[in-house]
Amino acid sequence: MSYFRKFIVSALLFSLPRVIYGQTIVVGNSTVSANESTVAPAVTIVDAKESNSTADLFDGETEQLTDAVIANLTNLELSDISLFSFQNESTLNETLAKRAIPGFCKTYPSDPYWPFSSTWQVFNILLGGGLIKTVPYASSCYDSFKDYNSTKCEFITNNWINASIYHTEDPTSINAVLFQGSTCMPPAFMPSRSSCTIGGYPEYAVSVRNVAQIQLAINFARNLNLRIVIKNTGHDFSAKSVGMGALSLWTHNLKQIQFFKNYRQGSYRGPAFKLGSGVQAFEAYEAARNNNVTIVGGEGRTVGVMGGYILGGGHSPLSSIYGMAADQVLSMEVVTADGRFVTASETSHPSLFWALRGGGGSTFGVVTSVVVKAYPKIKVTTLTYILATGPKLSYTQFWDALRAFFDGFITYTDAGNYEYFRISKLGPGRYFSDMGPWFAPGMNKTELQTLVAPLFARFKELGIEVNPVYTEYDDFYDAWYASFPVEPWGSNAIRQASRLFPKSNWQDASKLNATFDAIKSVVEEGGYIVAFNIAAAPKTGYPDNAVNPAWRNTVMHAIAATLWSTSSSEADMKAASDRLTYGWMQRWRDVSPGAGAYMSEADYIEPNFSQAFFGENYPRLYRIKQFYDPFGVFYAHTAVGSEDWKMSEMILGNLPSQNSKLCRKI
């Protein structure tokens, strides 16, 4: 950086609010220390009917930060109260010009304007408690945080990969640990590491229980130029919930649920739920079952379905019938980057409402609750079977069987079905694929058998014997629970990427041949495939929202994974990582030009991510982002507007490290 630029940036730092070391407040005519006995939480109660939605506010949503609360604390001369004030519209353009300087970074612990510990203490008092200093989930495996515990470490190690339910209960643990920097994993998964550090985890997290806490945190972060991240459960493949030196908003505990038997909003008339943004799939589905209805959500049990899942679009075992999860949204309550709490719906902040339904999480605001449509109770039949090379199934038969299955993708999704299947190479000449499951909502066993009869007839012609297992269920919940176990989590020895393959590839024989060959070649080279025969353009139509347009044309969402061992060299890891992006995935892109990818399960370094994840919606989304968040308060990797920023360091040479500084691009 030139001397002149250093001088300018240094000068700009002094335009930030002044931070005072000693925190005081005036009580009566005396100046006293600001502590729990002299300062009350910065919150007031508003009427539950103040929402612009038909649904009343939840209890935690009535607890808000207002101008009156800030004014009262200002009158009492609380130190640093300006740090928690709402956005000052009169100086917006001036502040924006300063913050938009190329190379200007977020504020970090080593910077002059990082808050003193006394400021963090006052912040916690204003929050009413709930500020958590980060201690990584696996810290008990080391002495670094003075909490070594062999018994706890053994439990964490044994459940690190196969029990995401425990990770989601931790304020900062995430799935995509590779991009966090892998700085605190159990030694069994990181044998070369002898210590635990925070790395790319946030410095602090707020365990959110009410709206006021979110408002305080956003104002604090915006006014001091701190990086802010939002964590619900942390499932996202691209580590959107972490960042070195960040202040995290942990929304996991916003779990209130309310059912409306006859909900009315706009043109909608019917059953609906209002769910807190921390509600997970298993909780949402249990509530639907208990009220004799069905709602659209993901297959993963521990996913926070009202958080990043629904904000990113959200595909579902019910998508071929009802569309994406984002298509079900009637309204949202959200705190925006200026600290204000608003309702987003067709009639209130309609552009924000459009963007929130599919435009991605951690981008436009912090959602506290969502109102979604519900549907009548639905029966489901599932089907499972296995294909495995061996004495009874040759290499040629294996791939011929899969091709026969692929040929029917349009037919199956037109019938409202959803197939979840995996394909892998077990060794030289050894291949395996399991249908786990074929999910047929609204069908009984006989109807599903009729649908798949041509496929199994083709198997028979090929000399292939399978043992299909059909199971009928009276409702969605039972079928879902029996079919989808808790998903794996937290490996730093894997990279994943995905592609949405369009229906048009199945309507042209040469394109279908090329598509199938592209999938097959990745498996033959060692790639692990998880795929879904799925559609998201239901016959009943779908609303105008920000869901990736590629979803409306797809019949297959396929994920490819490359893996390495914990003892692999950095060169081998990089080779595997680069092969995924520039080799395997490029083949998939080449056979599906103009299509896209599902942002929540995508390549971390997807080329041209704005087209792949958002398609033709991106220019509009970018304009909305700039309107609602001109300072860049919210940043997430490959989110709308992220192209204006960069991480200061890389992993394996080209993977932006969340264990580094976030700065404006020069």
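1. Cys 184 and Cys 196 form a disulfide, with 2.1 Å between their sulfur atoms. This is in a predicted model. The torsion about the S-S bond is -100°, so the link of Cys 184 and Cys 196 is left-handed by the convention for these bridges. Both cysteines lie in the loop between helix H8 (177-180) and strand E6 (204-207), 12 residues apart. Cys 184 is buried, and Cys 196 is buried too.

2. The structure holds three disulfides. Number the bonded cysteines of the chain in sequence order, and the pairing reads 1-6, 2-3, 4-5.

3. Cys 141 is joined to Cys 153, S to S 2.1 Å. The angle about this S-S bond is 105°, and the link is right-handed. Cys 141 sits in the loop between strand E5 (131-133) and helix H6 (150-158), while Cys 153 belongs to helix H6 itself. The two are 12 residues apart.

4. Burial of that pair needs the cut-off: buried means under 20% relative accessible area. Cys 141 has a relative accessible area of 8%, so Cys 141 is buried. Cys 153 is buried as well, because its value is 11%.

5. Cys 105 and Cys 663 form a disulfide, their sulfurs 2.0 Å apart. With 95° about the S-S bond, the link is right-handed. This pair connects distant parts of the chain, 558 residues apart. Cys 105 is in the loop between helix H4 (92-99) and helix H5 (117-127). Cys 663 is in strand E26 (residues 662-664).

6. Cys 105 has 23% relative accessibility, so Cys 105 counts as partly exposed. Cys 663 has 7%, and therefore counts as buried.

7. Now to a helix. H14 covers residues 395-407, 13 residues in number. From its first C-alpha to its last, H14 reaches 19 Å. That is close to the 18 Å expected at 1.5 Å a residue.

8. As background, an α-helix has 3.6 residues a turn, so residues three or four places apart point the same way.

Key
Residues numbered from 1 in each chain as written. Predicted model: local features only at pLDDT ≥ 70, side-chain atom pairs only at ≥ 80, totals over all residues. Heavy atoms only, no water. Helix = DSSP H or I, 4+ residues; strand = E, 2+ residues; numbered from the N terminus. Expected span 1.5 Å × (residues − 1). Disulfide = S-S within 2.5 Å. Buried < 20%, exposed > 50% of the residue type's maximum accessible area, 1.4 Å probe, protein only.
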